[in-house]
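Open the model in your viewer and keep the sequence panel beside it. The stops below say what to select and what to look for.

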Amino acid sequence: MSILEKTFTSAPGRAISRKAGLKDPPRLRRGRTWPSGAIIHGTIGDGSLVADTLHLLGRAVEEPVVDAGTDAPGYGQKIGALVVDATELTSISQLERLRALLRPAVRGIERSGRIIIVAREDHDGWEAAAAARALDGINRTVAKELRGGATSTLVWVAGDTTASDLLTTLGFALQGRSAFVDGQAWKVASTATKIDDLVTAPLAGRTVIVTGAARGIGAQIARVVARDGAEVIAVDIPPAGEQLAAVANEVGGIAIQLDITQADAGAVLAQHVAQRGRGLHGIVHNAGITRDKMLVNTDTARWESVLEVNLAAQMRINEVLLDPDTDGGLDDGGRIVGVASTSGLAGNKGQTNYAASKAGVAGLVIAMSSDLASREITVNAVAPGFIETEMTGKIPFVQREIFRRSNSLDQGGRPVDVAETISYLLDPGSQAVTGQVIRVCGQNLVGA
Amino acid sequence: MSHNAVVIGGNRIPFAKSNGPYADASNHDMLTAALDGLVARYGLSGARMGEVAAGAVLKHPSDFNLTREAVLSSALAANTPACDLQQACGTGLETTVYIANKIALGQIDSGISGGVDSTSDAPITVSDPLRRILLKASAARSAADRMKAFAQVRPRHLAPKAPSVTEPRTGLSMGEHQALTTEAWGITREEQDTIAEASHHKLAQAWEDGFFDDLVTPYLGVARDAILRPDTSVEKLAKLKPVFGGPQGTMTAGNSTALSDGAATVLLASEEWAKEHNQPILARIVDAEVAAVDHPGGADLLLGPVAAAGRMLARQGLTLDDFALVEIHEAFASTVATTLKAWNDEDYCRGLGLDGALGTIDPSILNVTGSSLAAGHPFAATGARIVPTLAKLLQERGPGSRGLISMCAAGGQGVVAILEAV
Amino acid sequence: MPADTIVLESMPSMGGAAARSLVPSRDKRARVPSSTFEVRDLVQETARLADYARVCGFTLRDTVPATWLHVLAFPLHIQALGSQDSTIRLMGAVHVANRMTMLRPVSVSERLTIGVRADNVRPHRRGALVDLVADIRSGDETVWDGVSTYLASGMTAPGDAPDGSHEPFEAVTPHARWRVPARTAKDYRRVSGDPNPIHTNRLAAKAFGFPRPIVHGMWTHARALAALEGSLGSSYSVGVDFVKPVLLPGTIGFSSSHEDGVTTADVTTKDGTKPHLRMRVEAVS
């Protein structure tokens with residue numbers, strides 16, 4: 001243990017750290033839970049998209065308290081969430097309305113409450129574009145100012161996005177499943193989705209492959225997608241077989257010991273899917289490795305192994321699973337979810353190889369999504385920030401403590417937070433979400 | 001036979017040397033681990049299977065229901081029945097035949113066979129006289145009678161009795177028996193060391209190729225067979241001192257199987273069940289036979305499989321030429337050599353009541369992924385190691401490919417079986 | 001919130017603190033240290049786990065039983081109660097309840113960081129209660145936490161003792177009967193390191209009012225958990241109340257039932273009329 005670590009955990013050290021603002025982090029609301037206080041529905045203009053979506057979600061809504069400018073009125077009791085329909089926002093002056101909605105809400109929001117703004121991404125005119133972009137700054141700043149585990153989310157929609165399209169996204173954002181997604185913005189497009197209900201087992205009867213499933217985040221992904229109804233094909237390297245078997249047996253799935261970098265990995269997976277006699281709904285490319293070194297010390301072996309496992313292998317597997325001639329390939333309407341990393345988006349010392357591979361995943365997702373739109377296959381990624389796992393314990397103490405605290409929620413996330421986000425993307429109801437990279441990082445200070 | 005009994009697949013834990021990485025694991029622990037890996041591979045968590053049959057050669061008295069207890073500790077449904085069966089080193093194959101027969105008869109539609117052995121956790125028992133005294137004492141009606149019984153205990157009675165692999169009727173260990181056979185059949189040291197080397201090299205290659213990725217699940221951090229020595233060679237093996245057959249003997253620790261710990265299982269079902277449950281089918285169990293020789297009368301202890309194979313082939317109207325692959329359990333390298341010689345010996349075969357010699361096989365079809373010399377031989381597990389291995393190899397070779405399994409066992413017995421890719 | 005953390009270089013042996021924890025304190029006011037006692041990167045021993053599994057009835061697997069993690073934390077219980085600042089002693093303190101949560105499966109190959117602190121001293125009609133609160137981390141991830149509640153008879157703590165009434169027990173029909181030979185306590189002492197002589201010594205047992213030695217409550221707990229081996233998920237909370245000690249040698253009954261993801265189990269007298277231990281297991285998502 002380092003001297004610093006000793007100092008930090010000693011009595012005077014703790015007193016100092018408390019003074020420095022390092023309080024005990026808030027406990028986050030998780031799972032398929034709704035905010036306990038009222039859901040407030042505010043609008044800028046006459047948009048009805050949010051109202052219609054909340055209606056489908058079966059959520060009762062209450063009228064907002066609007067700040068008149070200086071009086072800062074309060075809500076009588078804590079509110080659970082504020083959902084603002086800003087789809088009609090076109091001018092700078094309308095942003096004052098948003099301020100007036102936000103001010104009482106931010107003041108009166110409960111622990112793990114939610115601020116959600118739904119707005120149009122496509123705009124007519126310069127001012128509308130500027131006003132929309134202003135929302136991004138507002139969302140990120142509100143997320144940083146919120147306390148007690150409350151989060152803020154901005155959802156971009158298209159002009160013809162329907163309540164059905166928005167349903168799973170708004171449900172996810174309001175529920176505890178999005179606990180560690182904070183200050184993020186992503187897009188819900190428009191599709192022919194016709195769902196009118198948020199179901200608790202959206203993946204029932206569907207097969208999902210999860211790579212790297214023997215432990216950590218991967219094992220948790222297997223559990224969560226199984227909880228959401230999926231039949232899980234759990235994949236990991238043969239030496240991790242014992243843990244893999246335990247995970248598979250726990251979730252009632254099947255275990256495949258497979259090195260995803262081997263040339264026939266995609267064919268092996270497809271063969272198993274074909275054997276099971278069901279289609280393949282989704283694949284979660286979670287398997288990944290790190291071989292950290294400063295670039296000046298990074299040799300070919302470290303470089304190639306990381307890019308091979310984290311990026312090239314999943315591309316080869318996708319190619320096989322997406323070939324319409326592959327028996328056991330991905331169904332039309334299927335799902336591909338990659339796992340990027342905030343390191344990839346923001347860069348991280350000692351991780352050029354890893355950052356390359358993870359940024360590559362983000363690039364891949366964006367490129368693939370448009371090409372696969374005609375087959376209604378969505379391609380998305382999550383980008384975890386600091387997630388508490390046995391791996392993070394290996395980071396040196398000071399760096400680790402800084403990482404962990406350097407986000408708006410003052411804590412590391414849990415594997416389940418990543419898994420919940422992935423399961424939301426796998427949901428058949430999330431058809432309108434594609435080409436997105438959603439950070440599960442508690443609004444980490446680094447990166448965009 | 002109204003149903004085809006087929007092999008869906010198998011699972012074992014890596015085998016390891018006695019008192020090695022599994023020194024603390026019991027038969028129960030290892031068999032449970034092998035079952036759980038099988039359940040995971042085939043998605044059987046919570047499933048009720050027709051029956052599970054497995055066994056151990058060295059078994060603690062408290063493990064009288066070893067297999068059933070392992071089932072209860074596994075991820076299988078608690079209402080899966082199980083029984084223990086024992087046929088010495090042939091146990092893993094005998095349990096497979098037992099389950100396959102029940103499937104063929106329509107008594108069950110699915111089942112698991114297997115075997116496990118730990119020479120690290122072998123039962124130590126009290127000597128026979130002491131056992132009798134203790135029984136007498138516990139049956140005594142009065143304290144005086146009890147004391148009288150205990151008064152008969154002598155220091156020599158107190159020495160614990162470790163299980164041995166000596167034949168009760170001859171007093172010779174299996175190695176000593178095989179040394180007699182080796183000499184009688186004129187098997188050279190070099191022949192044996194060549195077999196041992198090939199076993200290690202072929203098993204190592206199969207591991208390298210990922211062949212065992214869907215046949216083995218790691219246990220207690222061991223991911224590969226721990227006895228395997230990929231870098232062994234005839235030159236290195238030639239340096240070992242003989243352990244059987246005296247100073248002039250040709251049998252060494254290198255060309256005899258090591259005492260091993262491990263467990264193996266096989267998933268079997270009717271063809272209908274396999275299809276209905278979307279399970280793969282590797283091969284069907286065609287036939288099997290057990291034979292024995294009069295070893296107290298001087299017959300070669302480990303050549304039981306010769307008569308068994310001869311009668312089974314005759315019944316099926318097959319010859320050795322009809323087989324794509326042959327697996328002969330390597331109890332000792334010389335067992336393999338003598339078995340091959342005996343199959344091709346007209347007089348020996350006629351002496352067994354067969355119509356004549358069985359013939360020869362192409363050496364390239366024998367034990368193609370190595371066998372017990374390299375993998376190790378946890379007695380009861382070996383048969384359940386061979387069955388899925390062979391079934392997978394046959395499936396790779398295409399429908400109709402046949403494989404022959406030949407296993408020697410204590411008591412002068414032999415268990416053989418035929419698999420055929422579907 | 002603990003005031004500070006005392007990091008021990010290794011798991012304490014049952015030496016000084018253990019000895020101190022056996023000597024009755026003269027001060028009758030219940031007081032415990034405010035420190036957290038922590039051991040980092042503890043290596044688990046497979047051989048000891050195998051021994052523990054055999055004594056308690058578990059199957060040896062790569063993933064360890066929840067109660068094993070309690071055993072790993074136990075020397076730190078002794079350290080906390082054996083510290084100079086503690087007036088509560090292990091000797092004479094009765095383990096009355098235990099709660100633990102397995103947050104995810106833990107492999108025997110993982111190195112663990114274990115922290116224990118004494119907390120929540122409160123009055124009881126027969127003395128004072130104290131919680132030994134433990135948490136176990138692998139890297140940064142909390143994988144297990146536990147609360148062991150001990151009753152220190154005759155000690156005092158400020159405040160009024162709540163009415164101590166147990167939930168009424170309805171007789172059950174045991175579906176298992178376990179014979180517990182006297183050597184069970186010696187076996188369990190070996191695997192747990194719990195040196196309390198009332199489990200193994202007749203005189204010590206008599207001194208505390210038991211006609212014969214009593215088996216460790218945590219053995220009974222482990223044995224009951226092992227009986228549910230097949231139905232435990234990867235993450236679960238298990239709580240037990242130690243109602244009445246099991247005298248050695250003895251024969252006890254076991255019954256369990258499962259409803260809505262909750263398993264309740266009782267270890268009882270062999271006829272099922274009186275409880276020794278009541279257990280409740282709940283899946284954690």
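Start by selecting helix 11 of chain B. Of its 11 residues, 10 are buried, so helix 11 of chain B is largely enclosed by the rest of the structure. Buried here means that 20 or more other C-beta atoms lie within 10 Å of the residue's own; 12 or fewer makes a residue exposed, anything in between partly exposed, and the C-beta atoms are placed from the backbone. Colour the buried set: Ala333(B), Ser334(B), Thr335(B), Val336(B), Ala337(B), Thr338(B), Thr339(B), Leu340(B), Ala342(B) and Trp343(B).

A note on the model and its labels. This is a predicted model, in which local features need pLDDT of at least 70 and side-chain atom pairs count only at pLDDT 80 or more, while totals for chains, interfaces and linings use all residues. Residues are numbered from 1 along each chain as its sequence is written, and chains are lettered from A and ligands numbered from 1 in the order in which they are written. Helices (H or I, at least four residues) and strands (E, at least two) are DSSP runs, numbered from the N terminus.

Which residues make the contact? Helix 7 of chain B brings Glu191(B), Gln192(B), Ile195(B) and Ala196(B), and helix 11 of chain B brings Ala333(B), Ser334(B), Val336(B) and Ala337(B). Two residues are in contact if their C-beta atoms, placed from the backbone, lie within 7 Å. By class, this contact has 5 nonpolar, 2 polar and 1 charged residues. Ala, Val, Leu, Ile, Met, Phe, Trp, Tyr, Cys and Pro count as nonpolar, Asp, Glu, Lys and Arg as charged, and the others, Gly among them, as polar.

Now show chains B and C together. Their contact takes 11 residues from chain B and 10 residues from chain C. On the chain B side, helix 1 (27–41) and helix 2 (66–73) each supply at least two residues, and the largest share, 4 residues, comes from helix 1 of chain B.

Move to chain A and colour domain 1 (38–188) and domain 2 (207–440) separately; the bounds come from an automatic or database domain assignment. The C-alpha centres of these two domains of chain A lie 30 Å apart. Between them, 19 residues of domain 1 are in contact with 16 residues of domain 2. On the domain 1 side, helix 5 (126–145), helix 6 (163–174) and strand 6 (184–188) of chain A each supply at least two residues.

Finish with the backbone. Ser112(A), in strand 4 (residues 109–120) of chain A, has a positive phi near 55° and counts as buried, with 24 C-beta neighbours inside 10 Å. In chain C, the peptide bond from Leu248(C) to Pro249(C) is cis, with omega near -15°.
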